[in-house]
Amino acid sequence: MAAPAQNLKINGDRLWDSLMDMAKIGPGVAGGNNRQTLTDEDAEGRALFQKWCEAAGMTMGVDKMGTMFMTRPGEDPDALPVYVGSHLDTQPTGGKYDGVLGVLGALELVRTLNDLGVKTKHPIVVTNWANEEGARFSPPMLASGVFAGVHSLDYAYGRQDLEGDTYGEELKRIDWVGDEEVGARKMHAYYELHIEQGPILEAENKQIGVVTHCQGLWWLEFTLTGTAAHTGSTPMNMRTNAGLAMAKILEMVEVVAMENQPNAVGGVGQMTFSPNSRNVLPGTVVFTVDIRTPDQTKLDAMRAKIEAEAAKICDGLGVGCSVEAVGHFDPVTFAPELVANVRNAAERLGYSHMDLVSGAGHDACWAAKVAPATMVMCPCVDGLSHNEAEDISKDWASASTDVLLHAVLETAEIVE
């Protein structure tokens, strides 16, 4: 098949208008979005996306996890579809582009093909995965994880938010329970466009990230148990201080991550003290250690060392320590032939590019378990994401979606 013509490009103004229109749903307090999964705002965003897709001639399927599959038919009835997508749900204080660019970029791809009368051998399915963020219902990438057989449907339905509401109950409440069995669909390939969520592309002055791998990760939830006691009247040598143990563990995590350079990270972004009073030593501290690397051997070694060293720290302070793995996926190597399609598309279109390892988890990580998959990345200002100040330029959005279009057409095959 001949490569797509160099002048084949998306409508950047239309893409940008769609991004801004979606951002009106679930506005944040500081310019971003709060459209958490299975909220009323999520339902409203889904309805708008459905309206746009059906106007573009696509038909909708929804599975039992609430993932939306919007299909543009192909010319070969026996050809498996090429899936393209990401997610519309956001963090509580999220930006306008994380996930949304990938979904609406895929929609713009279809709109462009319609405008130009381009037909493909394989169907193209624009996908909105449910609960990618995991902000309301942990773990993240929940629906794609069920699709890939990593989680069971019962497990997913039973996940609770901080109010005690379950995923299954809330999916019914907003009336987005589909009838398709999760994972029954077969994929020819999967592409995902996403903002980088890091500073590398902007720092290197590159327009396109060609994603070759995704880091593996462990989320290790520590529960430390000490004695709640008055901070003023409890002698230093008579304390069982869970807060002190936590501080020592945080420092140790930093050391372990630095010992495993390059391409390894570790840190803590969430913790809770109980009773959380300014003049009471905490009786219980709960926090999650997040470690990531694209190297499986490093990932396993980092987890083992952190757990062993944490146990020593707690033993030395008389503090109880338990650990639960609450999130995990192994490092992912994306399909070389799809990676090459992305790289070739960037070169054909004259966009500067570089290879990247994704530092964050994405639905593509689970999709890669069931089909060839890869990602395209767009720069974001100062690498900022999961923040209402998250920002990209219209030119960056257009360039990355152009590359997505060309890479997808290489796989979906233009019919002359």
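**Aromatic contacts**

Modeller: This is a predicted model. Start with a charge and a ring: the charged end of R303 sits over the ring of W218, 4.0 Å from its centre.

Biologist: How many aromatic pairs are there?

Modeller: Two rings pair if their centres lie within 6.5 Å. The count by this rule is 9 aromatic pairs.

Biologist: Why is the pair of W129 and Y190 edge-to-face?

Modeller: Planes over 60 degrees apart count as edge-to-face. The planes of W129 and Y190 stand at 65 degrees, with the ring centres 6.2 Å apart, so this pair falls in that class.

Biologist: Which parts of the chain does that pair tie together?

Modeller: Y190 belongs to strand β6 (residues 189-195), while W129 is in the loop between β5 (124-128) and α4 (142-147), so the pair ties together parts 61 residues apart in sequence.

Biologist: Is W129 buried or exposed, and is Y190 buried or exposed?

Modeller: W129 is buried, its relative accessible area being 2%. Y190 is buried as well, at 0%.

Biologist: Why is the pair of F222 and F287 stacked?

Modeller: The ring planes of F222 and F287 are at 5 degrees and the centres 5.3 Å apart, so the pair is stacked. F222 lies in strand β8 (residues 216-225) and F287 in strand β12 (residues 284-293), which puts these distant parts of the chain 65 residues apart. Both F222 and F287 are buried.

Biologist: Which residues do ring pairs link into a cluster?

Modeller: The cluster linked by ring pairs consists of F69, Y83, W129, F147 and Y190.

How values were computed: Residues numbered from 1 in each chain as written. Predicted model: local features only at pLDDT ≥ 70, side-chain atom pairs only at ≥ 80, totals over all residues. Heavy atoms only, no water. Phe/Tyr/Trp six-rings, centres within 6.5 Å; stacked < 30°, edge-to-face > 60°. Helix = DSSP H or I, 4+ residues; strand = E, 2+ residues; numbered from the N terminus. Buried < 20%, exposed > 50% of the residue type's maximum accessible area, 1.4 Å probe, protein only. Lys NZ or Arg CZ within 6 Å of the ring centre and 35° of its normal.
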